[in-house]
Amino acid sequence: MEKMCVKDLYKNFSNFAEKEVTLEGWVRTVRDSKTFGFIELNDGSYFKNVQIVISDKLANFKDLVKLTISSTIKVTGNLIITPNSKQPFEIQATNIQIFNLCDNDYPLQKKRHSFEYLRTIAHLRPRTNTFQAIFRIRSVAAFAIHEYFQKNGYVYVHTPIITCADCEGSAEMFKLTTMDLKHDLPKLEDSQTDFSNDLFGKETYITGSGQLHGETFAASFGKIYTFGPTLRSENSNTKTHANEFWMIEPEISFCDLDELMDIEEDCLKYIVNAVLERCEEEIDFCDKFIENGLKEKLTKLLNSNFIRIDHKEAIDILKKADKKWEFEPDYEEDLAKEHEKYITEYFNGPVFVKNWPKDIKSYYMKLNPDGKTVAAVDLEVPGSGEIMGGSQREENYEKLLERIKEKNMDAKQIDWYLDLRRFGSNIHSGFGLGFERLLMYITGMENIRDVIPFPRTPKNCDF
Ligand code: 4AD
Ligand code: MG
């Protein structure tokens, strides 16, 4: 027989009424008086605990009342419906086996802990209500993303983690070598490092984007997506940057910038809806304890049309704002965090900012007819800022080559990428969705370190 879990009971408790059930899990709390007591049990299958009633008729009652938080036990008992109590049912224990009595110095005693402190016990924090909610939502959202793309005919591509291709700038990629860094590295005549005897015989990196490889598959399957770890070496110590994060990168053939925004909007709504439907308890918890009004924000998103404005219009709005900026808004510049915040609050919801100055964007983006801007689009949301970054790609061979030269990049390294512009080129577009930024938006968590199981950020690689 399959093992029972707390979730089964909550979903179907009337079927179990007056029946014997068996559960295994962790003790959350124990309350007792002389002759009886209550144990709150959680087995991880469900956000809520089950109330176990114990009495001095149990042979080991004296040991049970001494159970410490996070001890593990096996409970057999009868399920009793309790219509007048806070919880819909409870288990009247007939037998409880103690597997492990948790040591007294278990750090998660019954009190509120700061998120900063919980990061120092990343191996234990999944046992708290907050991180149960966050990481269940993470799991459900990941599945919903696959579901969205699979339902819509996209092929899931596993792009390489080890790469020699430069997508978002080699300066941001971690270098990879098997050479012994304790010794002097072999040098070429021009004093550059000689990689010819390294494992791959050339300079290699850990990927910062699967887009270029994704484009090759989109040129065969039409619609593809990737979903995997992404590594960037940038030394950005902020609440929204991690050195290891997960990214979803769809790429769509025969698709322009406007169609791309439609897909981005549809995709985000699908994920939000799935989480609202499948993580009711978790979202209620986040609404109550993490971001007041979260549920309303997410529901509103489902029923809204996202604003679409040009980068120029965004700067116009910022310049008109009666505000002292740390960074003055500029038509030639990126949006700073404070600008993203103002724009999303100004429109009170997600905003697509499109057609960016070409000099601050990547070489592969489609040059607009004005010769000054590229067909790029970022989706900005309140709180997490940019959660999606995408563009229509330059499909013209000469123009793309030109842009690569402008950026002083080595075209030879990505000649295979340029080939796509010679063999069946087409108007195509894609975007990258930062999975952790999305989770911050969906859960209301304010620090990216609190939506990643074991975050990697500057000066932090514990566990
Ligand atoms: O804007 P980015 O750099 O775009 C790309 O990598 C493109 N190749 C995507 C594409 O068109 N296929 O990154 C995409 C998204 C950002 O919008 C952001 O949500 C997230 O990835 N992101 C990060 N998330 C956490 N920590 C970081 N350091 C991030 N850098 C980017
Ligand atoms: Mg970006």
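1. Two strands are said to pair if DSSP finds at least two bridges between them, and strands (E, at least two residues) and helices (H or I, at least four) are DSSP runs numbered from the N terminus. In this predicted model, strand 2 (residues 36–42) and strand 3 pair in the antiparallel sense over six bridges, and Leu41 stands opposite Val50 in strand 3.

2. Strand 3 also pairs with strand 5 (residues 89–100), here in the parallel sense and over two bridges; Val53 has Gln92 in strand 5 as its bridge partner.

3. Five of the six residues of strand 3 (residues 50–55) are buried (under 20% relative accessible area, with a 1.4 Å probe and protein chains only), so this strand is largely enclosed by the rest of the structure.

4. Helix 6 (residues 257–278) and helix 8 (residues 294–302) pack at an angle of about 135 degrees, with their axes 9 Å apart, where axes are lines fitted to C-alpha atoms over the stretch in contact and angles run from 0 to 180 degrees between N-to-C directions.

5. Leu268, Lys269, Val272, Asn273 and Leu276 in helix 6 are in contact (heavy atoms within 4.5 Å) with Lys295, Leu298, Thr299, Leu301 and Leu302 in helix 8.

6. Residues are numbered from 1 along each chain as its sequence is written. Local features need pLDDT of at least 70, side-chain atom pairs count only at pLDDT 80 or more, and side-chain values use heavy atoms, leaving out hydrogens and water.

Conventions. Chains lettered and ligands numbered in written order. Buried < 20%, exposed > 50% of the residue type's maximum accessible area, 1.4 Å probe, protein only.
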